[in-house]
Amino acid sequence: MEATSVSQAAFAEKVGLTPDKLSKSLAGVRRFTSLDLALIAEAGGRTVDWLLTGREPLRPAFAARTTAEATPRRGRVSDAADRFTAAYEVLELLGRPPKLPPMPSVRPDIKRFVDQGRQLAQDAVGVLTAADGHRTVAGLETDVLITACTQAFGVDVAVTCLPDAVDGLTWQTDTFRLILIGPTETWTRQRFTLAHELGHILARDAQELVVESHVAPGRQKDLTEVRANVFAANLLMPAPEIRDRFRQVADRHGRLTVEAFSELVVAFKVSPSALSARLSQLRLIDAKSEPAVHHRGLTTEICHLLAGATDAFQRQLAWAAAQRFPVRLVAALYKCYAEGETTLRPLASLLGMDVDQLHDLLDPAEPDIPEAAVGEVEEGDLIFQP
């Protein structure tokens, strides 16, 4: 009240309370409801958490592996994460934090980071395929894969605008697991970034906010980044599935022709360079051979064209370029609003919308009809509009 420079009576009116109720609440005779606190926080420009505990809003610390290129953008990166963490804070204070199911972890008996990433991916594939009866992770389109990861691991994934040169952000605490990836036309890279960030979550690498700038397999020196890359390759291109599909296309075409290679690109939804590297790693092709060099030079679009799958390419392209919000967070905040536990402001903030605009969308006002016009009927030709 002091910060807003208004009287107690005026402040009470501002937050929808009678002066008597506010006085009793301040004296400890009446308890503030969760809606009261939300309205007071909104009017005072504070958070409910601050009202209850005096704690400042949760702010991310940055992992040491944040690249130098991304370091000057820390403020902008923090802004990108803030609206999501604010949503988690509201849900926690209302006693409705998102569920965090158990998830695979790095096995203590495996010492090498490469082997840890490989085993962690095998465990993750087992969980994902068992959860909803999926036969393969590689066969899941990216939006379906995101839904599967949310259900199986409690990871909230958003596709949202990020600072330049940042491919993804990852952050986990005791109450949430969050992955942010940027919209892009290079959908295979976005898919690999998603898998890479999931590797960080399962390995418990993201206790500090991990900022990924130009995810590039094979170029990192940080062993946790190496592990995340190995995890991503093994999640999206599991060795048994790669070997099986490789034999199928090789038997059908007699050898790994461009058409056969394109079929594999479409099947595993990865870039030609990523597939070529995986085939070489599994010793299915010689990376230095002329065909392998030629295959790496193909584009994802050309491979889909050669495989007759241009519709699949366009579908993935359209999805990767669109923004997506975590369904669980949006649904939980709306439910809290619908049950009178908070205002629309937390949901509007998460969606990046004006509160009044969101209110009009959720509860459109009835059009004003002049009383004189009620009951009047004008004859004329019927107009049909499809």
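Trainee: How many aromatic pairs does a search of the whole structure find?
Mentor: This is a predicted model. Ring pairs link Tyr 88, Trp 171 and Phe 176 into a cluster. Tyr 334 and Tyr 337 also form an aromatic pair. For the whole structure, the search gives four.

Trainee: Tyr 88 and Phe 176 form an aromatic pair: stacked or edge-to-face?
Mentor: The ring centres of Tyr 88 and Phe 176 are 4.3 Å apart, with 5 degrees between the planes. Planes under 30 degrees apart count as stacked. So the Tyr 88 and Phe 176 pair is stacked.

Trainee: How many residues apart in sequence are the parts that this pair ties together?
Mentor: Tyr 88 sits in helix H5. Phe 176 sits in the loop between strands S2 and S3. The pair therefore ties together parts whose separation in sequence is 88 residues.

Trainee: Is Phe 176 buried or exposed?
Mentor: Its relative accessibility is 1%. Buried means under 20%. So Phe 176 is buried.

Trainee: Which helix holds both Tyr 334 and Tyr 337?
Mentor: Their rings form a tilted pair, 6.1 Å centre to centre with 50 degrees between the planes. Tyr 334 is partly exposed at 37%, and Tyr 337 is partly exposed at 24%. The two lie three residues apart, about one turn of the helix, in H16.

Trainee: Is H10 roughly parallel or roughly perpendicular to H12?
Mentor: Helices H10 and H12 pack at about 95 degrees, with axes 11 Å apart. Angles of 65 to 115 degrees count as roughly perpendicular. So H10 is, relative to H12, roughly perpendicular.

Terms used
Residues are numbered from 1 along each chain as its sequence is written. This is a predicted model: local features need pLDDT of at least 70, side-chain atom pairs count only at pLDDT 80 or more; totals for chains, interfaces and linings use all residues. Side-chain values use heavy atoms; hydrogens and water are left out. Axes are lines fitted to C-alpha atoms, for helices over the stretch in contact, and angles run from 0 to 180 degrees between N-to-C directions. Helices (H or I, at least four residues) and strands (E, at least two) are DSSP runs, numbered from the N terminus. Angles under 35 degrees count as roughly parallel, over 145 as roughly antiparallel, 65 to 115 as roughly perpendicular and the rest as oblique. Rings of Phe, Tyr and Trp (its six-membered ring) pair if their centres lie within 6.5 Å; planes under 30 degrees apart count as stacked, over 60 as edge-to-face and the rest as tilted. Buried means under 20% relative accessible area, exposed over 50%, partly exposed in between (1.4 Å probe, protein chains only).
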